[in-house]
Amino acid sequence: MYWTNYHGHSNYCDGTHLLEEYIKCAISQNVKAYGFSSHAPLPFLTNWAMPYEHLVLYFKEISELKQKYAGKIQIYTGLEQDYVADFNLIHKEWIDLPQLDYIVGSVHFVDRFEDGRYWEIDNTTEVFKEGLQGIFNGDVSQAIQRYYALTREMVQEQKPPIVGHLDKIKIHNRHEHFFDESASWYQEAIEQTLQTIAQSNAIVEINTRGVYKKKSKETYPSHWIIKRMYELDIPVTINSDAHHPEEVTREFITTAQVLKDIGYKTLRVLWNDQWQDFSFDEKGMDLK
Ligand SMILES: [Zn+2]
Ligand SMILES: [Zn+2]
């Protein structure tokens, strides 16, 4: 039985190790297909996105690893591509790159401050509060509804095969209470977003990073959201958003159990260059 993971970083962006270290660890953790998804270059400065100048080398190195490890593990070339409001031209360019096998579409930025800076929603609680005040006059529900509106826009415009950490904006609730997931405005925002996803071909990743980094009690998205996804027949895959090689399959067993309990019978994975469904249990999938 084998695992897969399509959300992984490296020292090309904010990960800790060389690409090959993740592959070695993946093989030792029974992973049969691994996709790198470094943060795609952005047209403004961050301390985590890959610099544009490194993109060609990133593609080259992955393609060399594909050959070196052929027969042992399938390696895929991805990018975690931001969806940034008013930046349509930028991301469309990236998505069509012929070297890319897939992208993970993620929203990390919601609108801008008056000075032009983008508000990064998964930065520190301090930055989170700064945006709530500076952009949304302290109205948490407006800010979060905007985050989900951008997520829907991303699904429709950017059409990512995988939607990354759907409800990551809940990250700040861990230490301070900003909003209640049972609030009707929040549930409505989620419902609308899931309806949009259900009408697309997108897979929603079950991202385990919040759990093993102890930033959230449950995966991204929360279990109640996964239940609704199951009713809407939205396909899922389990990803770890690994930044360190040891994180490649963190919390996969517990997450597979959660998915099984909810009713999911299959995971959708990139295998032999095609997205396809495989049945699974807490030991993984019978990939062949
Ligand atoms: Zn992300
Ligand atoms: Zn990531």
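Is Arg117 buried, partly exposed or exposed, and what is its relative accessibility? Arg117 counts as partly exposed, at 40% relative accessibility; here buried means under 20% relative accessible area, exposed over 50%, and partly exposed in between (1.4 Å probe, protein chains only). Before going on, the ground rules: this is a predicted model, where local features need pLDDT of at least 70, side-chain atom pairs count only at pLDDT 80 or more, and totals for chains, interfaces and linings use all residues. Residues are numbered from 1 along each chain as its sequence is written, and side-chain values use heavy atoms, with hydrogens and water left out.

Back to Arg117. Its side chain meets that of Glu130 in a salt bridge, 3.1 Å from N to O, the term standing for a side-chain nitrogen of Lys or Arg within 4 Å of a carboxyl oxygen of Asp or Glu. This pair links distant parts of the chain, 13 residues apart: Glu130 sits in helix α4 (residues 125–136), and Arg117 in the loop between β5 (109–112) and β6 (118–120). Helices (H or I, at least four residues) and strands (E, at least two) are DSSP runs, numbered from the N terminus. Glu130 is partly exposed too, with a relative accessible area of 34%.

Now for other salt bridges; the count comes to 16. One joins Asp277 and Arg268, with the closest N and O atoms 2.7 Å apart. Asp277 is partly exposed at 40% relative accessible area, and Arg268 is partly exposed at 25%. Salt bridges with shared partners also tie Asp115, Arg117 and Glu130 into one network. Then there's Asp167 with Lys170, whose closest N and O atoms are 3.0 Å apart; both of these residues are buried.

What about the nonpolar side? The largest nonpolar core has 82 residues, and Tyr34, Phe36 and Tyr58 have the most contacts inside it. Such a core is a set of buried Ala, Val, Leu, Ile, Met, Phe, Trp, Tyr and Cys residues joined through side-chain atoms within 4.5 Å. Helix α5 (residues 140–157) gives the most to this core, namely 8 residues. Another core, of 6 residues, lies apart from it and includes Leu42, Trp48, Val84 and Phe109.

Finally, the surface. Arg174, Lys213, Lys214, Lys215, Lys217 and Arg250 gather there in a patch of positive charge; patch members have over 30% relative accessible area and no salt bridge, and like charges are joined within 9 Å. Of these, Lys215 lies in the loop between α7 (209–212) and α8 (223–231), and Lys215 is partly exposed, with a relative accessible area of 41%.

Methods
Chains are lettered from A and ligands numbered from 1 in the order in which they are written. Patches are made of residues with over 30% relative accessible area and no salt bridge: like charges are joined within 9 Å, nonpolar side chains (Val, Leu, Ile, Met, Phe, Trp, Tyr) within 5 Å. Accessible areas come from the Shrake-Rupley method with a 1.4 Å probe; for residues, only the protein chains shown count as cover. Lys and Arg count as positive and Asp and Glu as negative; His and the chain ends are not counted. The place of a charge is taken as NZ of Lys, CZ of Arg, CG of Asp or CD of Glu.
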